[in-house]
Amino acid sequence: MSETNEVKKSATRKKKPADLPFEAAIARLEEIVKAMEGDAVSLDESLALYEEGVSLIRRLSRELDEAEQRVQILQKTPDGEIKPAPFASTED
């Protein structure tokens, strides 16, 4: 079975993005992108894949935001004590 057919089949299974582990959700998103870059999917299938992809992107983005909030950097205070400090984002 071709990769495009496999992507189409998995799109019809409609597995909820929340049901997939993080890494599997990324892999599924990559499958969706490959399928949509090709020309072997119909308009209806493309729309279904697009909706699934948007849902995955939102979920993955939310998980990454939550992980960033939990990340803490240990910093040494002037008196030599080590305390957790909030993660400082490098984004401007």
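Visitor: Why are Arg-59 and Glu-63 separated by about one helical turn?

Guide: This is a predicted model: local features need pLDDT of at least 70, side-chain atom pairs count only at pLDDT 80 or more, and totals for chains, interfaces and linings use all residues. Residues are numbered from 1 along each chain as its sequence is written, and side-chain values use heavy atoms, with hydrogens and water left out. Helices (H or I, at least four residues) and strands (E, at least two) are DSSP runs, numbered from the N terminus. Arg-59 and Glu-63 are about one helical turn apart because both sit in helix H3, at a spacing of 4 residues.

Visitor: How far apart are the closest N and O atoms of Arg-59 and Glu-63?

Guide: A salt bridge is a side-chain nitrogen of Lys or Arg within 4 Å of a carboxyl oxygen of Asp or Glu. Arg-59 and Glu-63 form one, and their closest N and O atoms are separated by 2.5 Å.

Visitor: Is Arg-59 buried or exposed?

Guide: Buried means under 20% relative accessible area, exposed over 50%, partly exposed in between (1.4 Å probe, protein chains only). Arg-59 has a relative accessible area of 8%, so Arg-59 is buried.

Visitor: How many salt bridges does a search of the whole structure find?

Guide: Arg-59 and Glu-63 form a salt bridge. Arg-28 forms one with Glu-31, at 3.0 Å between the closest N and O atoms. Arg-28 also meets Glu-52, at 2.8 Å from N to O. The search of the whole structure gives a count of 3.

Visitor: Which residues are linked with Arg-28 in a network of salt bridges?

Guide: Another salt bridge joins Arg-28 to Glu-52. That pair links distant parts of the chain, helix H2 and helix H3, 24 residues apart. The residues networked with Arg-28 are Glu-31 and Glu-52.

Visitor: What is the relative accessibility of Glu-52?

Guide: Arg-28 has 7%, so Arg-28 counts as buried. Glu-31 counts as partly exposed, because its value is 32%. Glu-52 counts as buried, because its relative accessibility is 14%.

Visitor: In what order do the elements of the chain run from the N terminus on?

Guide: The chain has 3 helices and 2 strands. Helix H2 covers residues 22-37, and helix H3 covers residues 43-70. From the N terminus on, the order is α-α-α-β-β.
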